[in-house]
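Please consider the model shown here with its sequence.

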Amino acid sequence: MSESTEEPGPSEPSLDEQIAAYQREFRDLDPQVEQVVSALGRLNRRMNVAYGRQVAALGISNAEWEVLKTLVLSGAPYRLGPGELAKRLGLTPAAMTHRIDRMAGEGLVTRDRDENNRVRVIVELTDEGRAKWLEAMRMATDFEEDLLQDLSGEERGVLGELLVRLLRRVEHAQPDAGGRLTDLD
């Protein structure tokens, strides 16, 4: 096992301390595997906190960011029905309605009847919502460049390929794991 340079959180053991404790309690543990999955877990948690702080600085929540991102990913004109939004985000219709209500009140999205089907509602990204999305992307890009600054282009490529391989393995083994276990709202 290599020397860990990761600094633990306030009450969190270092990766090496965590792995040693696990090995003490579970002798079949592969320390290399545990180092990879524990580091990925901690990295994911810390990155989520950093991204959450960035969007909070813009006056939006992580939940609102996810809706903005989903609308942008749908392509111009950045419109989806509430049911499709809920499905893509792994939310219940009630949670999605609550989120859309809040975001419409903040001017991030509009909610209008479909001109071709007056029963159907369409949620559309506003100019303000798109501006918030773009600013969040600028902030995330700066953060991500800083995060990877110590890796060469080749190392970034290898790391990216390895992570995609791991992701594909999980997606194959757990095809239904893309959603959430519970709503965030």
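The paragraphs below begin with the basis of the model and then turn to its parts.

This is a predicted model, in which local features need pLDDT of at least 70 and side-chain atom pairs count only at pLDDT 80 or more, while totals for chains, interfaces and linings use all residues. Residues are numbered from 1 along each chain as its sequence is written, and side-chain values use heavy atoms, with hydrogens and water left out.

An unreviewed UniProt entry lists residues 33-168 as "domain: HTH marR-type"; such annotations may be inferred rather than shown by experiment. This span is 70% helix and 9% strand, and its end C-alpha atoms lie 17 Å apart. Helices (H or I, at least four residues) and strands (E, at least two) are DSSP runs, numbered from the N terminus.

Helix α2 (residues 31-57) packs against helix α6 (residues 127-147) at an angle of about 145°, with the axes 10 Å apart. Axes are lines fitted to C-alpha atoms over the stretch in contact, and angles run from 0 to 180 degrees between N-to-C directions. Contact (heavy atoms within 4.5 Å) involves, among others, L43, M47 and Y51 of α2 and M139, F143 and E144 of α6.

The largest nonpolar core has 24 residues. Such a core is a set of buried Ala, Val, Leu, Ile, Met, Phe, Trp, Tyr and Cys residues joined through side-chain atoms within 4.5 Å, where buried means under 20% relative accessible area (1.4 Å probe, protein chains only). Helix α3 (62-73) gives the most to this core, with five residues. V67 is among the residues with the most contacts inside the core. Leaving aside neighbours within four places in sequence, V67 touches L85, L89, M96, R99 and M103.

Technical notes: Buried < 20%, exposed > 50% of the residue type's maximum accessible area, 1.4 Å probe, protein only.
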